[in-house]
Amino acid sequence: MSVVPQSVSLFDSRPFFEKALSYGIEHGLIGLDKLDAIRADAPKGMVQIARYFGTEYLRPELELAKERIVNLVSLHLAYSTQGDLRQAAELLRDHSFLSRSKAGSDMLKALITMPQTTHFGMNERSGFRDEHIPLLAKWSLKTLTEYQLELASRSRASAVVDAAIWMAGQMGMDIEELEEAGKDAEAVIRTALLARACKRSSLPDWVTFEKMILALRKRYLAKPGKLPLTVPADLPAEWTELVESIRDSVWADSAKWLESDLSVRKLFDQTPAFMGRYFWLEDAIHEVDQFDKNVSKAWAKATGGNDDESSLLTLFLCMAAGSTAKTVLTEKAASTLVKKIRKSGLQPSLPLQFIQANAPAEHLEDYASLWNNFIEESSATLASDHDYTFNDAVALLRRECNVSG
């Protein structure tokens, strides 16, 4: 029985700097002069690094500095040459050892100041600062693989942020406003795509966002795939694939919210699956104005513009009795109302709910007190079984409410 020999691959655990240096010496790329220069530069660099991260007077700090400087040079050589030993040896030949250490340090500083997240409120754009030094100390000992993984993650976050800034800029919103709003860049892009579908040229506040969703629901109900989400034709090519992937997430979301029975507010601002996925400007003044307008409409419709106490008590009493809301009653209607109250009773909370939801804010307490006082004083008379002819109850209505002859 013959044994087939198998090749064995040896794992070389040396730092990449050492591999490149050995390769350069072996292939005649690095001579004695360069080796002498590296030997002279290395101790200087170690002292500088030890001083930068702590102190140069303790042996453990110097040992750690030695590990750091070798790793910084290795990171730079391995990353910039994609692991090509010949190119790395040529870099060592053509540049000083300390310059390669600085190049590695600059790589890490650039990494540290890149966005870790796509959330505008959690990123800084002020460059490397002294408070980042502990992070640099940590990263100066990381492997190339760890660096590459972190770089990929942060590069994507940076691209999403930059794409969101660009799309927001097309709609009249700058980076400072985005940072103040403090929302995710993906949410900005999703809403920008919806705004384009609705032919809008600016990012919406809540009131406008709600109108957009309602309009899209009306037009594209049950056909989310038809939602006209278009990527801007002039979007820089480097972000096209990214924005298209985010657009796909909007289509996936729309399959749920187009057919949902939930209100827009309940769905987008209170449902965990959608909270934070879309963007709107927090315009409290506009929202209050819009709320006041809606309130005014409902209140004006119910009261008919009559805000005297008699008309309001008539309206509230009709509501409590479950009758058609009116601000004036005929004698016959007043009698019918009392009869209904005697038969079915009153629900005093209904007018209070209406007042709370629709009355002008400055009169809420007054109108609630008006109704509470009335019902407290009048309920016994209105519900009395001894008033067979309803005379006392109708007389009460004539006196307190609005009853025409």
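The entries below follow the order in which I looked things up.

**Entry 1: ground rules.** I noted that this is a predicted model, in which local features need pLDDT of at least 70 and side-chain atom pairs count only at pLDDT 80 or more, while totals for chains, interfaces and linings use all residues. I also noted that residues are numbered from 1 along each chain as its sequence is written, and that side-chain values use heavy atoms, with hydrogens and water left out.

**Entry 2: helix α9.** I began with α9, residues 185–197, which has 13 residues and reaches 19 Å from its first C-alpha to its last, close to the 18 Å expected at 1.5 Å a residue. Helices here are DSSP runs (H or I, at least four residues), numbered from the N terminus, and the expected span is 1.5 Å times one less than the number of residues. I then looked up burial, where buried means under 20% relative accessible area, exposed over 50%, and partly exposed in between, with a 1.4 Å probe and protein chains only. By that rule twelve of the 13 residues of α9 are buried, among them Ala185, Val188, Ile189, Thr191 and Leu194. I found that these buried residues pack against α7 (144–170), α8 (175–181), α10 (206–220) and α11 (240–257), contact meaning heavy atoms within 4.5 Å.

**Entry 3: the nonpolar cores.** I next looked up the largest nonpolar core, which has 48 residues, and those with the most contacts inside it are Ile189, Leu194, Phe209, Trp257, Phe268 and Tyr278. The elements that give it two or more residues are α7, α8, α9, α10, α11 and α12 (264–270), and the largest share, nine residues, comes from α9. A nonpolar core is a set of buried Ala, Val, Leu, Ile, Met, Phe, Trp, Tyr and Cys residues joined through side-chain atoms within 4.5 Å. I also recorded a second, separate core of 33 residues, which includes Ala334, Tyr367, Trp371 and Cys401. As background I wrote down that in soluble globular proteins nonpolar side chains tend to be buried together.

Which residues does Phe209 touch, not counting residues up to four places away in sequence? I listed Thr191, Leu194, Pro204, Val264, Phe268, Tyr278, Phe279 and Trp280.

**Entry 4: Val243.** I turned to Val243, which is placed in helix α11 and counts as buried because its relative accessibility is 0%. Leaving aside neighbours within four places in sequence, Val243 is in contact with Ala163, Met167, Ile189, Val231 and Leu235.

Entry 5: I then picked Leu136, which lies in helix α6, residues 133–139, and counts as buried because its relative accessibility is 2%. Leu136 and Leu108 are 28 residues apart in sequence, yet 6.7 Å apart in space, C-alpha to C-alpha. Beyond its neighbours within four places in sequence, Leu136 is in contact with Tyr52, Phe53, Ser105, Leu108, Lys109, Ile112 and Phe128.

**Entry 6: two loop residues.** Where is Gln82 found? I located Gln82 in the loop between α3 and α4 (85–94), and its phi is near 55°, a positive value in a residue other than glycine. Gln82 counts as exposed because its relative accessibility is 76%. Lys199, in the loop between α9 and α10, has a phi near 60°, also positive in a residue other than glycine, and counts as exposed at 77% relative accessibility. I noted for context that most residues other than glycine have a negative phi.

**Entry 7: a partly exposed residue.** Ser155 has its place in helix α7 and is partly exposed, with a relative accessible area of 31%. The C-alpha atoms of Ser155 and Ala20, 135 residues apart along the chain, are separated by 28 Å.
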